[in-house]
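Hello,

Here is the structure for you to take over. My notes on it follow below.

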Amino acid sequence: MHVYEAYIPENAPRQRLEIYLSHAFPLLPGHVIRDALNKKDVKLSGIRANRDTLLSPGAQVLLYTSYAISLPVVYEDEHVLIISKPAGISCDADGRGGMTVLSLLEQQAKGAYQPRLCHRLDNQTSGILVLAKDDESEKILLNAFKDHTLTKVYECLVRGQMRPEKATVKAYLVKDAARATVRVITHETPGALPIETMYETLSFDGTLSRLRVTLLTGRTHQIRAHMAFLSHPLLGDDKYGDRALNKRIKTTALHLCATSLTMQLSGCLSYLSGRTFTVQPPF
């Protein structure tokens, strides 16, 4: 039996427990959640709850099931863990109070080591995610991501045909913390950060282009915002994208995946230098 834990946020809207569970445990199939509710295998602050129980802000949720969640491992040794993150789950704690990549890996490690995030992918972005298992490895990886000595490559689907088919584009990015968004502008201004994005068209089907994108800078929502600024928003992007296109194609999934990571590392991780780890995009 597996136990999955969540904490209902203090500001959670008044809703039925069944609705909250699908957001709190995004990697549990709907039938698993329904089965747990039917069997009274969900507890709210230690008391068995049913699907119509209303949320109690701050309460602990425990869901018991025989279903095991397994995050795909791309590479693992005594210092490093590289996984293929599914879309729909946050790397660490978010406003939902539910399961995260970090909480799942901590549960799976069973105290053998403490997984440490060295970078992050957005909730809706899938692909390669690197974690350290010890202090020294964490320090080396954090510095490598900070100094951009690792080459990160993504694949995405965007609206329309890219002209030119291949280019390196530069601009500036401004964060809007209040709205949790960013905007791209052409000129330098106080608070704006320079961005540089390299893309290459892999295919075009008459409606959508499949791109290979290399981040030369790594800013918040860089690929999503930069492609939208170029009039080629990502398919399934509800924040910066084309909602009419998403509706017509009937998708709500963000089509963005971190498909490749090439290592250039020092110290105890120098043995990984020159290694490239890859995954296939789920679209």
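**What I found**

R243 is found in helix α6. Helices here are DSSP runs of H or I with at least four residues, strands are runs of E with at least two, and both are numbered from the N terminus. This is a predicted model, in which local features need pLDDT of at least 70 and side-chain atom pairs count only at pLDDT 80 or more, while totals for chains, interfaces and linings use all residues. Residues are numbered from 1 along each chain as its sequence is written, and side-chain values use heavy atoms, with hydrogens and water left out.

R243 counts as exposed, at 55% relative accessibility. The cut-offs are these: buried is under 20% relative accessible area, exposed is over 50%, and partly exposed is in between (1.4 Å probe, protein chains only). The C-alpha atoms of R243 and K139 are separated by 41 Å. Along the chain, these two are 104 residues apart.

R120 sits in the loop between β7 (116-117) and β8 (126-132). R120 also counts as exposed, because its relative accessibility is 52%. Contact means heavy atoms within 4.5 Å. With D92 there is a side-chain to side-chain polar contact of 2.7 Å. A polar contact is a pair of N or O atoms within 3.5 Å; within protein, one must be able to donate a hydrogen and the other to accept it, and residues adjacent in sequence count only if both atoms are side-chain atoms. R120 and G97 are 18 Å apart, C-alpha to C-alpha, and 23 residues apart in sequence.

**A buried aspartate**

D237 lies in the loop between α5 (222-229) and α6 (243-249). Is D237 buried or exposed? D237 is buried, because its relative accessible area is 1%. Its side chain makes a polar contact with the side chain of R224, at 2.9 Å. Not counting residues up to four places away in sequence, D237 touches R224, D242, N246 and L254.

**Helix α5**

α5 is mostly covered, with 6 of its 8 residues buried. Those buried are Q222, I223, R224, A225, H226 and M227. They pack against β9, β10 (166-176), β11 (181-185), β12 (193-204), β13 (208-215) and β14. Just after α5, S231 takes a positive phi of about 70 degrees.

**Cores**

The largest nonpolar core has 53 residues. A nonpolar core is a set of buried Ala, Val, Leu, Ile, Met, Phe, Trp, Tyr and Cys residues joined through side-chain atoms within 4.5 Å. Y20, L21, F25, L28, V61 and M99 have the most contacts inside the largest core. A second, separate core of 20 residues includes C118, I128, L150 and L265.

**Pockets**

The largest pocket has a volume of about 750 Å³. On a 1 Å grid over the protein atoms alone, a pocket is an open set of points with protein on both sides within 12 Å along at least five of seven lines; a cavity is a set where a 1.4 Å probe fits but cannot get out; lining residues have an atom within 4 Å of a point. Points are joined across faces, edges and corners, and a volume is the space filled by probe spheres set on them.

The largest pocket is lined by 26 residues, of which R120, L121, D122, R219 and T220 lie nearest its centre. β9 and α5 are the elements that give two or more residues to this lining. α5 gives the most, with 3 residues.

The second largest pocket holds about 250 Å³ of space. Its lining includes R224 and D237, along with D122, K239 and L254. By class, that lining has 1 nonpolar, 5 polar and 5 charged residues. Ala, Val, Leu, Ile, Met, Phe, Trp, Tyr, Cys and Pro count as nonpolar, Asp, Glu, Lys and Arg as charged, and the others, Gly among them, as polar.

**Cavities**

How many cavities of 30 Å³ or more are there? The count comes to 2. The largest cavity has about 50 Å³ of space. Among the residues that line it are H23, D94, R96, M99 and N123. The second largest cavity has a volume of about 40 Å³. β9 (151-159) and β14 (256-262) are the elements that give two or more residues to its lining.

Best wishes
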